[in-house]
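Here's a quick briefing for anyone meeting this structure for the first time.

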Amino acid sequence: MASNPNYCDITPEIEDLAQQALRNNGIDPDDYVRYDVKRGLRDLNGKGVLAGLTEISDIVAKKVVDGVEVPCDGKLYYRGIDVEQLVEGALKEGRFGFEETAYLLLLGHLPDREELDSFTRQLSYYRSLPNNFVRDVVLKAPSQDIMNSLARSVLNLASYDDRCDDITLPNVMRQCVQLIALFPMLSVYGYQAYTYKSGNSLYIHAPRAELSTAENILSLLRPDSSYSFWEAHVLDICLTLHAEHGGGNNSTFTTHVVTSSGTDTYSCMAAALASLKGPRHGGANIKVVRMFEDMKEQVRDWKDEDEVRHYLRALLDKKAFDKAGLIYGMGHAVYSLSDPRANLLRSFVEKLSREKGRNEEYELYSLVERLGPEVIAGERKMYKGVSANVDFYSGFVYHMLDLPLELYTPIFAMARIAGWSAHRIEELINMGKIIRPAYKYVGTHTDYVPMQQR
């Protein structure tokens, strides 16, 4: 072997180790049925295994009719309040809603004007990084994966916190509010550092105290800090809809698991970020956008239903796009008839597409939303209905806002940090045992063999 190998080289020796691991780690899929293991912590009907209790949010996808559970249009409640009412309430009053949503999730009730103003001032107060943090942390070794950059920055913040390991409620509340305030800066600065490394100009704008979270994201990102009223409001709606989604989603469950060990807030949120980064979770909207870019190249007439249907079948047959056999943005682990977040976004997406002159693309999205469930039902055995999920439209929104692809998942994190914070606090207040599920050993026992006899 070379004395100074390339850091990313996969040597023949490493390839051999990987093949050995492959040969010695295969578990018979039938064993999962034999031992009644709920793979993915979901049963064969897609129902999640009950692992905890929460008062933070509720996802409704079924109702009981004559004693039988039947699918219904999806509903999402934050602290018992319909998220649709949260969005509509902020819009009717001509204000931004994410800050109100974060307060509701953290504290358990809607703030009055004085409470909301005080909370917004706290976010503004904590929206500043330690001296030289951008130079010493963000600008050093920038990553093309902004989620990794964000997680690294969060862990580095622990070094500046003299009370890092203090998990008393006031200190954790302070850390959580601080991270809600800082996630937009850390994400955008991480992106600017990456583009600067790639040869572009470096823009490091300071946040503005009078701006909302959504406004600050656009102001920090754009070279001239400009944005329209409607752009900021649509982004604010996206933040509100992504702020929370029950305790069972992968990253929030990670928050509960890690919090139950008694670790610090920074480690907990870095773990949640690592979970959200995965393409099966927070990275799904990127897949949707890339799928549509491929579709627009392959489908000659975007209004031809037969041609679009043919492309969708090719996706399921692993003959189109990434050949994964998926129509990205279709289907959800819980919702069947509809995802309320997708329903909410749809109307705002239509308005934004008119403002941006991208009506034809919106019509293509609408056509795929209508044809997708039909094609899936004809090709796959389904245990429940399929509908467009929030990722189906959120990626299109970000695309129309000219947000870089690298920030799609970090924007999800900028919103979900509010939900993670609420769940961390809930776990700390009600914490009993460390979360430790069981795994059954299905291998064999063998005797140790001395080296010379192997």
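Helix α9 (residues 213-221) has 9 of its 9 residues buried, so the rest of the structure largely encloses it. Keep in mind that this is a predicted model.

**What surrounds α9**
- The buried residues of α9 pack against α4, α8 (169-197), α10 and α18 (408-430).
- Among the buried ones are Glu 215 and Asn 216, along with Ile 217 and Leu 218.

**How α4 meets α10**
- Helix α4 (residues 98-107) packs with helix α10 (residues 229-242) at an angle of about 15 degrees, and their axes are 9 Å apart.
- Angles under 35 degrees count as roughly parallel, so that's the label α4 and α10 get.
- On the α4 side, Phe 98, Glu 99 and Thr 101 make the contact, while α10 brings in Asp 236, Leu 239 and Thr 240.
- Sorted by class, that contact between α4 and α10 has 2 nonpolar, 2 polar and 2 charged residues.
- The crossing of α4 and α10 is left-handed.

**Aromatic rings**
- The count of aromatic pairs comes to 12.
- Take Tyr 103 and Phe 119: their ring centres are 5.5 Å apart with planes at 85 degrees, so the pair is edge-to-face.
- Tyr 103 sits in α4 and Phe 119 in α5 (residues 113-125), so this pair ties together parts 16 residues apart in sequence.
- Both Tyr 103 and Phe 119 are buried.
- Trp 230 and Phe 348 make a tilted pair, 5.9 Å centre to centre with 45 degrees between the planes.
- Since Trp 230 lies in α10 and Phe 348 in α15 (residues 340-356), that pair ties together parts 118 residues apart in sequence.
- Ring pairs also link Phe 292, Tyr 365, Phe 392, Tyr 393 and Phe 396 into a cluster.

How values were computed:
Residues numbered from 1 in each chain as written. Predicted model: local features only at pLDDT ≥ 70, side-chain atom pairs only at ≥ 80, totals over all residues. Heavy atoms only, no water. Axes fitted to C-alpha atoms, helices over the stretch in contact; angles between N-to-C directions. Helix = DSSP H or I, 4+ residues; strand = E, 2+ residues; numbered from the N terminus. Parallel < 35°, antiparallel > 145°, perpendicular 65-115°, else oblique. Left-handed = near helix turned anticlockwise from the far one by under 90°. Contact = heavy atoms within 4.5 Å. Nonpolar A, V, L, I, M, F, W, Y, C, P; charged D, E, K, R; others polar. Buried < 20%, exposed > 50% of the residue type's maximum accessible area, 1.4 Å probe, protein only. Phe/Tyr/Trp six-rings, centres within 6.5 Å; stacked < 30°, edge-to-face > 60°.
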